[in-house]
There are 2 protein chains.
Amino acid sequence: MKPFLGYLKEENMSLFTDYYELTMCAAYYDNQNFEVATFDLFIRRLPETRSYFLFAGLEEALGYLQNIRFTEEHLAYLRKQGFKEDFLAYLKNFRFTGEVWAVPEGTIVFPNEPLIRVTAPIIEAQLVETFLLNSINLQTMIASKASRVVQAAKGKAVIEFGLRREPGIDAGVKVARSSYIAGCQGTSNVLAGLIYDIPVFGTMAHSFIMSYPKEIDAFRAFAKTFPQKSTLLIDTYDDIAGAQKAVVVAKELEAKGVRLGGVRLDSGDLAQTSKKVRSILDAQNLHYAKIFASGDLDEYRIAELLAADAPIDAFGVGTKMGTSADRPYLDGIYKLCETQTARGEFSPIMKLSKDKNTLPGRKQVYRLRNGDGSFRKDVIALADEPPVGEPLLLKVMEKGELTYKSPSLKKIRQTAAENLSKLPSQYKVLANAPVYPVELSEKLQQLTETLKRLITQNEINHST
Amino acid sequence: MKPFLGYLKEENMSLFTDYYELTMCAAYYDNQNFEVATFDLFIRRLPETRSYFLFAGLEEALGYLQNIRFTEEHLAYLRKQGFKEDFLAYLKNFRFTGEVWAVPEGTIVFPNEPLIRVTAPIIEAQLVETFLLNSINLQTMIASKASRVVQAAKGKAVIEFGLRREPGIDAGVKVARSSYIAGCQGTSNVLAGLIYDIPVFGTMAHSFIMSYPKEIDAFRAFAKTFPQKSTLLIDTYDDIAGAQKAVVVAKELEAKGVRLGGVRLDSGDLAQTSKKVRSILDAQNLHYAKIFASGDLDEYRIAELLAADAPIDAFGVGTKMGTSADRPYLDGIYKLCETQTARGEFSPIMKLSKDKNTLPGRKQVYRLRNGDGSFRKDVIALADEPPVGEPLLLKVMEKGELTYKSPSLKKIRQTAAENLSKLPSQYKVLANAPVYPVELSEKLQQLTETLKRLITQNEINHST
C-alpha cells in the first residue's frame, strides 16, 4: 500500500507539535534548565449558549504520553531546521517521565478547572502541550455538543451521521466516540464501529432509489436483501407518494411474515411531513413502523420538532453536531502554574495578560453535592489543602508510567449518563442557563492576589 | 508501540464509510445490479460571505481509490453485522476499477460544478462516497477560507498557527497543507513540515517567559540559543514594558554583531499596541525588527488592522482559519447522475427533492476567459458536447489505475496563485461579492427539463 494519509502514523506524533514547543525546549536545554514544572490544561470559558463541558479525550492523551519517541527521520528533519546536535541527542532518548493527574472521561467540568495537570521536567511538560490540547479540545467539544443534542431529544434515539462533513479522518472517528460517550445510540461510521464497538446504523441514500427505474423497485430490492427492519428513504421524489409506496412494500413484507422497520425523511418540513406520514402508516395499521428523521438537525431543530409534537422516533444528526457548527472550537489552553528548582523549592506562577489571567500553583478540583446527590458547586483549591469535597482529578501517571486503567467506552458512556443525571436541570437547557458556581478556595485567592501584586511590581513598573 | 490513535491506519480506510454505503452495496449485489454508474462530487452552495472555492484534497482521494481493500478483520466485523457470505466474498476481492475525472488541486471552482466524476460499477462508485466527501469537504473548505485570509493580508505573510484547536490529527496536517496551497507562507505544525516540506515557524510561548524569574532573563536565554532572528513574545506581563526589554536585548545582540528578528504581540488592541511598539523600536534605530501579530485573527480582523495602518509585518492565524470558524463545513455532496445498463444504454439521472435538485448526465465544466486572461464565466455542459472553453475536469484514473500524476505541493500552490490572479478582484472581496456566472449548456438545460417532467409524471402522480 502506497501511503496516502500523509504518513499519519502514531510514531510520528512526537512531531505533531507547534514548532515553538521545540524551540523553547531547545532553549531550555541550551540554558541547562531542567527544573520541574507543572502545567494545567483547562478551558478558559464556555461558548455562548453552552453551560457545561463533558470531558473526553483522556485515553488518547495518555497513549500519546506513554509512546512519544523521536525517530531518526524526525531527528534528521530537525537537524535540517538548525537544531543543535546536543539537543538532538537529548531528543533521541526522550521519554515522558512525568506525573499526570486528570479528570476521568465522562466527567462534567467547567471553565478554569484543571482537567489535566502535568508535572515533569520543563522540556517534557512543554513539548506535549500541542498534542494534549488538540486531543482534548476536539473530543470535549464534540461530547459537550452531542450531550446537548441528546438532552434535546428527550429520550428519543440520536444517531451520529456526520462522517462525510466531519473535518478529516481522525475527527470522523473521534466524533463517533465522543458523541457515543455523550449518549448517542450509535453512528453511521463503520470504522468507529469496528474500533470501539459502537453500534452502527444506516440503510440507503437517494442514489440507491435513483438507480432503479422506479422508486418502489428500489424499496423492493432493499427489502429483499434486508427483510428484517428495513428503513426506506421516502423523500427522493415526493415524501407522501414515497410513504404510500412504503405502505405497499410493508404489506408485501407482512404477507411474508416480516415487518418493515420504518421510513426515513431527509428534507422538507419534517414536523408537518412526519405527521402526514404517521397518518398514512397508521391508517394501514403499520403502527410498528418507525419514522426516522435526518437533514440539517441539531439540538435547536430537534427541540422545535418535539415542541411541535412531530411523531419522530429517532434522529440522525450529522454536520452540525459533528463539527459543533455553532461553535467549532474550544478555548482549551495549557498554562504553566508552578516551577520547582533543583533545590526543590516550589514557585507558583501566574499569567497576567489582559483578560487572560491564570490560576497559580498545583491545584485540585472538588465537587460538592446537595442532599439528593445533585451537583451543588465546585471549588478549585491548592492541591495541598485539606479536601472540601470529592476530588475530580485522579493520578493517572507517575514517573511516566500509567497508574490508571482507562475504562471501557461503555463504562465511560455510563459515567457520563450518571454525571448528567446529577447535573441540575437548570444547567441542561439549550440557552440562558445560569452559571454553575465554581469557587476558588481562600488560600488560592490569597496566592493569586499576592502574585498579582508581585508581578505588577517586578515586571510592569521596571523595564529591566 | 501500543496503538492509541484508534487504529487510524490507511488499510482501514475501506471501513471509513457510512454504514448505508455497505447496506446499499449489499442490496445491489444481492439483486445482481452491477450496472455502471456515474456520480458527481460537487458543492451545493457557497457559504454566506464566500464567493469562490479553492479546490483541494484530490491527491489523498486518489490514493484512497487506488488502495481500498477489505482485510480479514474487516470482513469478520461485517459478518458480525449480518452481511451475507457471498457479498463478503465479493468484498474480499474488491478493487476500485472505475474511471475518474477531476479538477486539479488549486483550481478555483463554484457551486454545482462537478469536481470529481466517478464512473464505475455501481457498488464501487457508491462505496467510495463517504471517504471522497470527507477528504474534499475539509481540504477545500480550509483552502477556500485560508485564501480569504491571504487576500486580506495584502501581501504580508500569513502563517498557519491553529494546530492545538484544529479538529484532530488528520485535520491538523490537512489544514497546514490546504492553507499552504492557498498562499500561507508556512505553518507551526512540525509534522506537516516533515511530510510536505512546508516551512515551519514559531519561537516561544508565554510559559517560556513565565518559567524565568524575570521576563528579560527569558529573552536573554532564548537569544542565547537562537541568536539569529529571534522573535520575542512581549505581552506576557505588559506589552510596552516588554517592548522596552526587547530593545535592551536587541542592543546586547547588536554588540555581538547579530540582529533581533522582532517581537510578537498576542493580545490586546493590536492596532494601537503595534504602533506604540513600532515607535519604541524605531526610536532605538531597530527599524529592522519586525512586528509579528497573533491572537484571534481571521480575514476580517486582518483587514481592520491594515485599514487602521497597524505596522504589522506578519500574521499568525490560528483557530478561526484552521476550523473555518464562521462556516465550519461545506455542502459537498456526491450524487448519481447517470446509469448504464449491461446492454450499454445510458440513462441520465436527476434528483428532484425540495431545493435539492441535481444535474443529470455525465458532465464537463468549461471556463471562459476575458481578453486579458481573467475568468469570465463557466459553462457546465454534457461531456459529449463540443467544448466551449477550457475543460476543468481531467481524466485522472482509468480502469482503476492512475492516469495523472499529482503535482508537487509547491506546484499546486503556484497553480492556486495563478488562478487567484485571474479571478477578477470583484470576487475577492470579503463580503457582498457578486455571483460568478456559471451557466448550463442548452443541451443540459433541455435534459434537465425533460427529466423533471418525466419524474413528476412517473413518481409523484402515481404511487406504485
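User: Which strands form the open sheet of chain A, and in what order?

Analyst: Four strands form that open sheet, in the order S16-S14-S15-S19, with mixed pairing. Strands here are DSSP runs (E, at least two residues), as helices are (H or I, at least four), numbered from the N terminus. This is a predicted model, in which local features need pLDDT of at least 70 and side-chain atom pairs pLDDT 80 or more, while totals for chains, interfaces and linings use all residues. Residues are numbered from 1 along each chain as its sequence is written, with chains lettered from A and ligands numbered from 1 in the order in which they are written.

User: What makes S16 and S19 of chain A edge strands?

Analyst: Strand S16 (390-391) and strand S19 (438-440) each pair on one side only.

User: How do you know that S15 and S19 of chain A pair?

Analyst: Two strands pair if DSSP finds at least two bridges between them. Strand S15 (residues 375-382) and S19(A) are joined by three bridges and run parallel, so they pass that cut-off. In S19(A), A:Val438 is the bridge partner of A:Asp378.

User: Why is B:Asp235 called buried?

Analyst: A residue is buried if 20 or more other C-beta atoms lie within 10 Å of its own, exposed if 12 or fewer, and partly exposed in between, with C-beta atoms placed from the backbone. B:Asp235 has 26 C-beta neighbours inside 10 Å, so it counts as buried. You will find B:Asp235 in the loop between S8 and H11 of chain B.

User: What links S8 to S9 in chain B?

Analyst: Strand S8 (residues 231-233) and S9(B) pair in the parallel sense over three bridges. The chain crosses from S8(B) through helix H11 (residues 239-255) to S9(B), and this β-α-β crossover is right-handed. That word applies if, with the strands pointing away from the viewer, the path from the first strand over the helix to the second runs clockwise. S9(B), helix H12 (residues 270-283) and S10(B) also make a right-handed β-α-β unit.

User: Why can we speak of a two-fold axis?

Analyst: Two copies of a chain are related by a rotation about an axis and a shift along it. Here, a rotation of 180° with 0.0 Å of shift superposes chain A on chain B (RMSD 0.0 Å). That is the relation of a two-fold axis. The superposition is by least squares on the C-alpha atoms of residues with pLDDT of at least 70 in both copies.

User: Which C-alpha of chain A is nearest the axis?

Analyst: That of A:Asp170, 2.7 Å from the axis.
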